Amino acid sequence: MKVSEIRAMSLDVLKAKLADAREELMKLRFRQVTGQLTDTSRPRLIRRDIARMETILREREAAEQAARMEGAA
């Protein structure tokens with residue numbers, strides 16, 4: 001998933017996609033342990049997508065906090 005696609009998502013959609021990605025990563029880990037995983041690069045891609053989503057969520061939280069601080073000043 002591209003960063004521009006993630007940034008275009010609303011907060012609720014982004015959190016839902018993040019939860020789905022974490023669940024998919026867990027399933028891939030189980031498949032890897034049992035020897036059923038054929039595409040071994042998929043967990044790495046999912047981890048990177050999760051990191052991108054968490055980074056953008058954190059950026060939004062920081063921007064929101066900065067806006068609150070400006071409003072209070």
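Reader: Hi! Which residue follows H2, and what is its phi like?
Author: Gly35 follows H2, and its phi is positive, near 85°. Helices here (H or I, at least four residues) and strands (E, at least two) are DSSP runs, numbered from the N terminus.

Reader: Thanks! What kind of model is this, and what goes into the numbers?
Author: This is a predicted model, where local features need pLDDT of at least 70, side-chain atom pairs count only at pLDDT 80 or more, and totals for chains, interfaces and linings use all residues. Residues are numbered from 1 along each chain as its sequence is written, and side-chain values use heavy atoms, with hydrogens and water left out.

Reader: Where is confidence lowest, and where is it highest?
Author: H1 is lowest, at a mean of 94, and H2 is highest, at 97. The protein averages a pLDDT of 95, and 99% of the residues score at least 70. pLDDT is the predictor's confidence in each residue, from 0 to 100.

Reader: Nice. How many helices and strands are there?
Author: The protein has three helices and zero strands. Its radius of gyration is 16 Å, well over the 11 Å that the globule rule gives for 73 residues, so the protein is more spread out than a compact globule. That radius is taken over C-alpha atoms, and the globule rule is 2.2 Å times the number of residues to the power 0.38. Along its principal axes, the C-alpha trace spans about 60 × 20 × 15 Å.

Reader: And H2 itself, how far does it reach?
Author: H2 covers residues 11-34, and its 24 residues reach 35 Å from the first C-alpha to the last, close to the 34 Å expected at 1.5 Å a residue. The expected span is 1.5 Å times one less than the number of residues in the helix.

Reader: Which residues of H2 are buried?
Author: Leu14, Leu18, Ala21, Leu25 and Leu28. Buried means under 20% relative accessible area, exposed over 50%, and partly exposed in between (1.4 Å probe, protein chains only). Helix H1 (3-8) and helix H3 (42-72) are among what covers those H2 residues.

Reader: What about H3, what do its buried residues pack against?
Author: They pack against H1 and H2. Among the buried residues of H3 are Pro43, Ile46, Ile50 and Leu57.

Reader: Now the charged pairs. How many salt bridges are there?
Author: The count comes to seven, where a salt bridge is a side-chain nitrogen of Lys or Arg within 4 Å of a carboxyl oxygen of Asp or Glu. One of them joins Arg22 and Glu54, with the closest N and O atoms 2.2 Å apart. Arg22 lies in helix H2 and Glu54 in helix H3, so the pair ties together parts that are 32 residues apart in sequence.

Reader: Is Arg22 buried, exposed or partly exposed, and which is Asp49?
Author: Arg22 is partly exposed, at 43% relative accessibility. Asp49 counts as buried, at 12%.

Reader: Which residue does Asp49 pair with?
Author: Asp49 forms a salt bridge with Arg52, the closest N and O atoms being 2.9 Å apart. Both lie in helix H3, three residues apart, about one turn of the helix. Arg52 is partly exposed, with a relative accessible area of 31%.

How values were computed: Contact = heavy atoms within 4.5 Å.
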